[in-house]
Every structure is written in C-alpha cells, then in structure tokens.
Amino acid sequence: MSRRPLTEEQETQAEEGRSVPLSPTAVNSRLVPETTALPSRRDLLKTVGAGLLLLVALPEAEAQESGGGGRRRPDSASQSIGAWIHIAADGAVTVYSGKVEVGQNARTSLAQAVAEELRVPVGAVQMVLGDTDLTPYDMGTFGSRTTPTMIPQLRKAGAAAREILIDLAAAQWQVERSALTAGGGKISHAATKRTLTYGELVKGQKLTQTIPADVALTPTAQWRVMGVSTPKADGRDFVTGKHTYTTDVKRPGMLTGKILRPAAFHATLKSLDAQAVKALPGVTVVQDGDFVGVIAPTAHEATRALAALKAEWNTVSQPSDQTLYEQLRPGSKAGKTAERTEADPAGHTIEATYTVAYIAHTPLEPRAAVAEWKDEKLTVWTGTQRPFGVRGDLAAAFKLPESSVRVIVPDTGSGYGGKHTAEVAIEAARLARAAGKPVKLVWTREEEFTWAYFRPAGVLTVKATAQTDGTLTHWEFDNYNSGPSGIRAPYAVPQQRADFHRTQAPLREGSYRGLAATANHFARESHIDDMARAVKIDPLAFRLKNLQELRLRAVLETAAARFGWDKRRPLPGHGYGLACGTEKNSYVACCVEVTVDRVSGKVQVTRIVAAFECGAIVNPLHLQNQVEGSLVMGLGGALFEAIRFDQGKILNPHLSAYRVPRFADVPPIEIILVDRKDLPSEGAGETPIVAIAPAIRNALLDATGQFLYTLPLAPNGLKT
Amino acid sequence: MPDRHNLHINGSVHAVEAGAERSLLSVLRDDLDLTGAHYGCGEGQCGACTVLMDGQPTRSCITPVGAVGAKAVVTIEGLEHEGKLHPVQQAFLDADALQCGYCTSGMILSAVGLLKKHPTPTEAEIVSGMNGNVCRCGTYRRIVNAIHAASRSQQKEARR
C-alpha cells in the first residue's frame, strides 16, 4: 500500500490501448503457443529480415517521452525505435508497436495510419501490439498519446516503405521513379501497364532501413483510409466470444492461484493456520512473509482452499471517508464560503470550496495474469497499459535481467487508467515459481475494488471576481490532492493563479481517465456558473465574454446551437446546464437537460449534447464511440460513484454497492465532432470526460436552485 | 463429491463431473473451454456471464450447475449458425456497440432473450430488459440502437 500522492509521472498518465497474442495465427487460439518457439526481439530483427523491415526512429523529444526520464531503460539498441513495420515476401504487412488495445480501438487507428501511407487496404495490415519480446519499447498506453505520437511514427514508416518500394520498382524496370505510383499493394508503371506487388518487390531482399525523420506524409485533404469510419479490427471475434482475454488464456498444465488478502490495508500477518488446506488434494499453500497464496488445479478448488485458511492479522487504526476532506485540507467544508456583491468596488466576488470523492475504475475484466517459468525465463500474459513497465517491475521483483522477462498483453477488457501497475503479474509469477507450473490468477471484483488504486479525492477552493458587465478580473484556484491536470482556467483573466498542493492521502491513488482534469473542470465550471448568476448574465454569454481561445469557443457555440440553448424554456422540475473545457490539445463542450422528481428526489439526465474537437479526425466512428463512452463514465462520477472506506477496509467493494452507470441512467446523446483537418490529430480517450459533471451540476442548480459543491452530486437523489 | 451432469449446451450433450454447487460459469469456462461467458462480479450484478437457459437470460455466475438439469443452455459460442452471425451479433458489429468487448457476450445473449419476449421492443422495454447488464465503456446507446436494428432484421427475416 502506498500513501503517496500522485507523482509527476502519474499525472502524465491516463488512458488508452490493444495487443495480439504471439503470432497472427494464434489470435483465435485459447491454447497459446509455446514461448520457446518465438523469436526474441533481437532475433526478430534478424529473422524477419527477409523482405523489408523498417525501424521508426523517434525524434529526440519523443524518445525521451517513451524512455521515461531516469527510469530503467531497455537495451540500447531499441530505445530510440518507436515501432517497426515489416513487409514479407508474400506481401503481408505486419506492424509492431508497444501500444496496447483496451477497447479504445488503437488496433484499428494504427492500422489505418500505416494503410494510408503504404496505399494498402486497412485489412491488409496486421498489428502486433504490447508484447515486450516482439515490439519496441513503449512507455505505455495512457495520456491520450497513441494518436499524437504513435500515429505520426507509423505514418512515417508507411510512407518511407512506400518510397523504398518505388525505388525498388524503378531499379528493376530501369524507369524514372516519378513515373511510378503506389496503390492497392502494388507499384504500377502507367506507360507500360506493368505492375509489381509489394511481395514481389521485396522477395529475396533483406532490407533493414531506419526511416529519415523528414519523410513526407500524405496531406490530410488526400486521406483515403485515415479520416474514414473503419470498423473495429477483429470485431467478429468479440461478438462471437472467440477473443482471448487474459482471463481466457490457457497454458499446458496450468493451475489456478488465489491470494490471501489482509484484513485491512497495512495489516500484517499475526498467525496462519493452513492445516485444513494442506490436507486438500492437489492444493499447495505458498507463504513468504505476509504473502500467502494457494494454488490448486481449478479455480473452484483454489477458492475453497483459500476459504479454509485461518489467518489472524495485526491491524492499525485508519481514517474513514467521513473525515476525508478534513484529512486532505483541515477545515474544509464543501459550499460557498464567502460572497461580496454590489457594494464591493472590486466587483462581485465569490469564494467556494468543492470536494471530489474517491472513485474506482471498475474495468469489467478484473486484473488477471497467467505466469509461466521456463528455463529461467518468465513469461506473463496480463492486461496492462504498461507492458514494458510491468516487465521492469517483474525483473526487479525476481532479480532477473529484463531480457529474461516477457510480458504479453492480450487485447484487454478495458483499463481507463486503472491498469498501470504490476501487482497481479508479480503475484501470479510468485505462485507459478512455487508451483513449477503455469499459474493463472484472476482478481475477484472485491479484490479489484480494494487492492487496485483509486482516482484521487480532492478539495478545491476557488475565489473569483467579476465586474457587473461580466468581465472576470480575478481568479484564484487551489487543488488539494487530486492533481494539476487541467488546472489552468482557459478564460482570459488578468489576475489568475492556480496551484496544486500535495497532501497525505488515506488511500492508494493513481491514474484515471482524464486525471484531475475532471475535478478541476468541475470546480471551475461550477464556479463560472455561480459567477454568471451573481452578475445576472446567461452562463453561455458569460463564458463567451471571457473566452478568447477560439477552438474552445467553437465547440461551446456548436454544442449550444445544437442544443437550442437560447430557445430553452423553464419547465417545472427541469433544468439546463452547460460546461466546457480543454485538456491535452482537445476541446469539449456539453449541454445537458435534467429532471428532478419533486416527490422522490430522483435525478435523471434526459438529454446530452456534446461537441468535441481533437484536430483532424482519424476514425469518426470510433471517435464518436469514445466520446459517448467518456460522457457516460463521467456521468457516473458526476451523480453517484463514490468509494466508502473505514479502518483500512473498502465498505462498498461490490457492484451491488458501488453504483456505475446503467442503461436507465443514460439519455439520448448527441455528439457533434468538429473535424479540423488543418490541425494535427490528438487523442480523445480522456478530454470528453471533463465537462459532463459541471454541466449536470449547473443543470441541477437550474432545476432546483440548489448550489452543489460535491462530487458525486446526488448519490441518493436530490430532495427539493 | 462431484456429480455427473449431462448438460445440454449449444445443441449437444456434455457430460461433466462437477460438484452440484459449482457455478455454471466455472463449468462452462474451466471444464468445457467455453470462455465467451465472462466473470465480471460474481454476484449477478453485471451480466458479463449471461447465458440463455431455455431461452431465458440467466446469470451463470450465480447458477449452480446442479440446477441446470435438462434445460437447453445457449452460450455466445452457440449463436452463430453455419458461419452466419445471429442478427443480434451482426447488429452489434454494425452499430459499433462495443469497445473493449468484455460485456458483449452477455449483452448479446440478454438482447436475444429480450427479443424473444418482445420482438419489437419499445425503448422502455429495452432499458428495463437490459438494465442488469453493465458496459463500463459506456456504449449503452449504441446497444439500444443495435437491439432496434436486430429487431428490424428479425422481422424482415420472418416475413420472408
């Protein structure tokens, strides 16, 4: 258990990711192939050399980012390589990237990037992702970085490959390369109607090239594959149950493990009675200090064995969620703390304190790993957003060189920033080493809710001043504990200060989709509405008056126009709210309508309109889906999600007690994607989450006149 | 002590030795290698483990295998027919009604059960019929659209 607040690294981390099992042929096989049959990464450079292998060299800045300053680096040969792409003699195009697929459809968008530049159909590109033996080092799939960093790298690789293929054809035909065109997986010479497929061109070649940084990319206006709605890669495998998640991986002789969890956080083992368990056939108890696990032939036998262990724990007194905000910032109480209006020559000033609860990622596939030791080499299949980070953590845990550890990430049942750490992989590997056989470990939902990490809770204070005409003149913003992401107000305020303060946090904290941008936008955009009210200006007009950022104005005006903001009419029990925000170079605005039942207090969001802009759109279909998903996830944190805890225990570690959004919570959602073909493509997995909570808060204010200052806003409805 | 169960799954009979109290989910996944049904919560709250029993969507994680008897079980693996996707599977693909896909098997089987009961469901019938299934990626509206589309294509097929 770590009590530390967010590190800088965590602050840059967030959400993304996908991977292929070992080889294209293994995709649909539950019994994944023997690891010894696979080439190591160095071998790969030699063995796939037949054909054309392109190494994508990273620009210096991106190499830094991928390497992670000061962290242990992988072998130097690959650290400046972002991806590689191989064209085989049969024409097969295989792309190797350390990114992972967790539902955000990176597998599709990355294939689109290569297909666009290489002039092949997207289906002709096979992506190998998230396998530390097969793919180049990557820091991880988070921070909305796949689109702005990996896509340009792969486009360069595809473009360079295309140019080399043209060179090869020009040499073979003894013609000017300018007379040749690439398309449909072939190079053509129009004058003589000759064609050569890429496979024919690379046959017998053994080319390894590093791509020059200045290779020309296809202009956005000429895109044919990028910018086009492209269906999910391997979609059929997901609707037929064929896809192999980590939880589905099976290895020869594999056993199942379970871990004995302490009675509370920071508890130490006082005594263990394993007599009853040792008598069970085929069951092994593994103990190493406070680490206790059982291994059994099947999951149900392991579960039974775990239940038969009798353990006593030394526990320590720990705080509860009832005093959470007092812990983060003594004296904190959510609500308005001061308001000076009219008579004040400085203008209208409002001070308020906002609070944000701990919430859990709740990926539907819990943490899982399958570990296998063979000839002093450790292979672990696990659903993680940081395959190379987990490899490093495994190497450190078992005092192995990183070259003796392989991490393979099957396309994973989501992450949302919650699958960065290595615990389950290390636990599975400990059990597998003790068993001398492969071991699978799947965390229960309760373990996932308890022993993972949480989106940080926070206390946020805002003090702002506006003139009677609505001009913001003063802005002071302090975030205690939840983090600095998106802390700067995008409004043009002459006097602005925003600071993040680290504190002692009672629970283990980590990345989450959008990080603290959700908390910071909640406090800011709620406060903006309250300021607008104080000076009696419409919240849309108030924002526009103080907003010079053109891209943000554009999404705000777009969403408001589609929603019919200016035409809205008051209805009893109805409320309308809006909010906007920017983070990671993308822009979002949300308008929502809510109803509050006067008798039951039931809160229902009845309509959401959102506009989103992230530069040139790579895949409109998947972008739309991603924005929708962010809004729905954000709705949960806005209205009802909260982790409750006391004495080192999570009090609601079940889906029956921790409420996530369901069908009945989600209204019709209308999304307007603003496509800026003149701007670089940015990530979209996170930013669409930031504006929904304050938009709902402002709508609830409109509906009920109640000023709310806490997330979640209405876990038990809202009595009026 | 393990009992012998003759389970009727996807049109064939599977003999399984298992304690009667073991969950159907664990038997499907661990004994029969039918891993399309997923563990999500273990308390029947998320629907990732949903299978059909005599056409009824059922949470296999809280169904003891001893209670299955001769009921016909359909898992996601049994929905495709002669290489052709079930209309609901096809509709999920067409509507891009998934992201990570972990909930998808359970969503599809719940939808198949729903459409059996309500061949042309209203919005409210879809919401109440599907509300026990969680999609943490938040594709609910797409799933609603997929179910409407599947209903239309089933109606069209029936009229042929």
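**Two helix pairs in chain A**

Modeller: Start with α14 (residues 517-534) of chain A and α15(A): their axes come within 9 Å and cross at roughly 105°. Bear in mind that this is a predicted model.

Biologist: Why are α14(A) and α15(A) called roughly perpendicular to each other?

Modeller: The crossing angle is roughly 105°. Angles of 65 to 115 degrees count as roughly perpendicular, so the label applies to α14(A) and α15(A).

Biologist: Which residues make the contact of α14(A) and α15(A)?

Modeller: From α14(A) come Ile528(A), Asp529(A), Met531(A) and Ala532(A). From α15(A) come Pro539(A), Phe542(A) and Arg543(A). They divide into 5 nonpolar, no polar and 2 charged.

Biologist: Which residues of α11(A) and α12(A) meet?

Modeller: Val390(A), Asp393(A), Leu394(A) and Ala397(A) of α11(A) meet Ala425(A), Ile426(A) and Ala429(A) of α12(A). This contact has 6 nonpolar residues, no polar and 1 charged.

**Burial and helix span**

Biologist: What makes α12(A) largely enclosed by the rest of the structure?

Modeller: A residue is buried if 20 or more other C-beta atoms lie within 10 Å of its own. In α12(A), 10 of the 13 residues are buried, so the helix is largely enclosed. Among them are Ala425(A), Ile426(A) and Ala429(A). Glu427(A) and Arg430(A) are also buried.

Biologist: How many residues of α18(A) are buried?

Modeller: In α18(A), 13 of the 13 are buried, so this helix too is largely enclosed by the rest of the structure. Over the 720 residues of chain A, 56% count as buried.

Biologist: How do you know that the span of α18(A) agrees with 1.5 Å a residue?

Modeller: Helix α18 covers residues 692-704 of chain A, and its 13 residues should span 18 Å. The end C-alpha atoms are 18 Å apart, which agrees.

Biologist: What span should α16(A) have?

Modeller: The 14 residues of α16(A), 550-563, should span 20 Å, and the end C-alpha atoms are 20 Å apart, which agrees. Gly564(A) follows α16(A), with a positive phi near 75°.

Biologist: Which elements do the buried residues of α16(A) pack against?

Modeller: They pack against α15 (539-546), β23 (574-583), β24 (586-596), β25 (603-613) and β28 (669-674) of chain A. Buried in α16(A) are Leu552(A), Val555(A), Leu556(A), Thr558(A), Ala559(A), Ala560(A) and Phe563(A).

**Between the chains**

Biologist: How many residues does the contact take from chain A and from chain B?

Modeller: It takes 46 residues from chain A and 44 residues from chain B. On the chain A side, α7 (235-239), α9 (299-308) and α17 (620-639) each give two or more residues. The largest share, 6 residues, comes from α17(A). The chain A side divides into 20 nonpolar, 18 polar and 8 charged.

Key: Residues are numbered from 1 along each chain as its sequence is written. Chains are lettered from A and ligands numbered from 1 in the order in which they are written. This is a predicted model: local features need pLDDT of at least 70, side-chain atom pairs count only at pLDDT 80 or more; totals for chains, interfaces and linings use all residues. Two residues are in contact if their C-beta atoms, placed from the backbone, lie within 7 Å. Helices (H or I, at least four residues) and strands (E, at least two) are DSSP runs, numbered from the N terminus. Ala, Val, Leu, Ile, Met, Phe, Trp, Tyr, Cys and Pro count as nonpolar, Asp, Glu, Lys and Arg as charged, and the others, Gly among them, as polar. The expected span of a helix is 1.5 Å times one less than its number of residues. A residue is buried if 20 or more other C-beta atoms lie within 10 Å of its own, exposed if 12 or fewer, and partly exposed in between; C-beta atoms are placed from the backbone. Axes are lines fitted to C-alpha atoms, for helices over the stretch in contact, and angles run from 0 to 180 degrees between N-to-C directions. Angles under 35 degrees count as roughly parallel, over 145 as roughly antiparallel, 65 to 115 as roughly perpendicular and the rest as oblique.
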